[in-house]
Amino acid sequence: MFHLTRNYSIASLIGIVLVAIALGFFYRTLAVRSLIEHETLANVSIAQSLSNSLWPIYAGFVARASSISPKELTRQPEMTDLHKDVLQRIRDLRVVKVKIYDVNGFTVYSTSSEQIGEIKENNFALQKARGGEVASDLVFRDHLSTSEQVITNRNLLST
């Protein structure tokens, strides 16, 4: 009789531990997915706000930027003004980096100036954006240069 109770207790304990582990993984996955969805909506709102305030001023510059060499592009007076305007609009927000692409994937502007002029035409997120969809990804960065500082060992949401 005692062996049956002990075996049943051990089997129950193992079952409870396995269910707890499975529920823990499920909850973590659900929580991360929910956080990504929430922050993606926030990022989309920030991007739309930036677009609404900057596009009327810089649409012509963005349209002709791909015809300018990357080195010359960074020297354009519009680039200086755009940089000031972007930094002013994202001040006190939890925004790490802003990039502006043209429709062909040419990086017209980035808060990290070394990325200006890069071509990202095959970028999956950019292709989704061209189709009117939003793409977000939780990424780990061991080293990231921002406009103000260097960030190390962070998980960031890229939208």
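**Figure 1. Overall arrangement of the predicted model.** Along the sequence, the secondary structure elements follow the pattern α-α-α-β-β-α-β-β-β-β. The protein, shown here as a predicted model, thus contains four helices and six strands. Of its 159 residues, 23% are buried. The accessible surface amounts to about 11,300 Å², and carbon and sulfur atoms contribute 58% of that area. Among contacts with a separation of 6 or more, 42% link residues 24 or more positions apart.

**Figure 2. The largest nonpolar core.** This core comprises 18 residues, and Leu73, Leu82, Val86 and Tyr109 have the most contacts inside it. Helix H1, helix H3 (77–90) and strand E2 each supply at least two of the core residues. H1 provides the largest share, with five residues. In soluble globular proteins, nonpolar side chains tend to be buried together.

**Figure 3. Surroundings of Tyr109.** Tyr109 is one of the core residues with the most contacts inside the core. Beyond its neighbours within four places in sequence, Tyr109 touches Met79, Leu82, His83 and Val86, as well as Val98, Lys99, Ile100 and Ile116. Two of these partners, Leu82 and Val86, are likewise named among the core residues with the most contacts.

Figure 4. Five residues separate the strands of the hairpin, and Gly105 adopts a positive phi near 90 degrees.

Figure 5. Val103 and Glu121 are 18 residues apart along the chain, and their C-alpha atoms are separated by 8.6 Å.

**Figure 6. A nonpolar patch on the surface.** Leu13, Val17, Ile21 and Phe25 form this patch, which together presents about 400 Å² of accessible area. Phe25 belongs to helix H1, which spans residues 2–64. Because the relative accessibility of Phe25 is 59%, this residue counts as exposed.

Technical notes:
Residues are numbered from 1 along each chain as its sequence is written. This is a predicted model: local features need pLDDT of at least 70, side-chain atom pairs count only at pLDDT 80 or more; totals for chains, interfaces and linings use all residues. Side-chain values use heavy atoms; hydrogens and water are left out. Patches are made of residues with over 30% relative accessible area and no salt bridge: like charges are joined within 9 Å, nonpolar side chains (Val, Leu, Ile, Met, Phe, Trp, Tyr) within 5 Å. Accessible areas come from the Shrake-Rupley method with a 1.4 Å probe; for residues, only the protein chains shown count as cover. A salt bridge is a side-chain nitrogen of Lys or Arg within 4 Å of a carboxyl oxygen of Asp or Glu. Buried means under 20% relative accessible area, exposed over 50%, partly exposed in between (1.4 Å probe, protein chains only). A nonpolar core is a set of buried Ala, Val, Leu, Ile, Met, Phe, Trp, Tyr and Cys residues joined through side-chain atoms within 4.5 Å. Contact means heavy atoms within 4.5 Å. Two strands pair if DSSP finds at least two bridges between them.
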